[in-house]
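Open the model in your viewer and keep the selection tool ready. We will go stop by stop.

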Amino acid sequence: MTAQETGTSAASYPQESEVRNRSVGDIVGDIQKDLSTLVRQEIELAKAETKQEVSKAGKAAGMLGGAGFAGYMVALFASLTLAYGIGTFWPAWTGALIVTAIWGIAGAVLYARGREQLTAVHGPRNTVETVKEDAAWARHPTS
């Protein structure tokens with residue numbers, strides 16, 4: 001089968017005489033260079049994927065931090081509500097109770113969103129898949 005029949009250019013394949021004239025050292029050198037390039041590319045892919053996932057984790061952690069602050073505010077206003085309720089049975093404590101409920105809702109919303117985003121964080125999936133493919137190819141380079 002010729003290069004034209006396979007749809008590739010003849011220039012991309014070395015001529016038979018060129019292959020026969022190459023030493024084993026040259027061939028091993030080419031293999032080493034290709035493997036080195038492959039490893040560098042896999043490392044770059046892992047870096048890019050990790051940076052992306054760390055960014056997601058940072059956003060989720062910020063929301064969970066907001067939920068923690070909201071929880072603190074709930075405790076603060078719940079304490080104020082209790083103090084107003086015990087100290088006087090006047091309508092003044094109703095306002096503190098409403099503020100407490102608002103902070104409780106805010107904390108619940110931030111917690112739910114932060115937890116949802118945190119579950120979306122994954123490791124470098126593409127890198128793992130391509131490394132598996134590269135390893136399979138290295139075991140059977142002709143298939």
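Select Glu44 and Lys47: both sit in helix α3, 3 residues apart, about one turn of the helix. Helices are DSSP runs of H or I, at least four residues, numbered from the N terminus. This is a predicted model, where local features need pLDDT of at least 70, side-chain atom pairs count only at pLDDT 80 or more, and totals for chains, interfaces and linings use all residues. Residues are numbered from 1 along each chain as its sequence is written, and side-chain values use heavy atoms, without hydrogens and water.

Glu44 and Lys47 form a salt bridge, with the closest N and O atoms 3.7 Å apart. The term means a side-chain nitrogen of Lys or Arg within 4 Å of a carboxyl oxygen of Asp or Glu. Glu44 is partly exposed at 48% relative accessible area; Lys47 is exposed at 52%. Buried means under 20%, exposed over 50%, partly exposed in between (1.4 Å probe, protein chains only).

The structure holds 2 salt bridges. Now pick Lys56 and Glu53, which meet in a salt bridge at 3.5 Å, N to O. Lys56 is partly exposed at 33%, whereas Glu53 is buried at 12%.

Next, Glu42, also in helix α3. What does Glu42 contact, leaving aside its neighbours within four places in sequence? Select Thr127, Thr130, Val131 and Asp134. Contact means heavy atoms within 4.5 Å. Glu42 is buried, at 13% relative accessibility.

Last stop: Gly71, in helix α3 (residues 24–87).

Technical notes. Helices (H or I, at least four residues) and strands (E, at least two) are DSSP runs, numbered from the N terminus.
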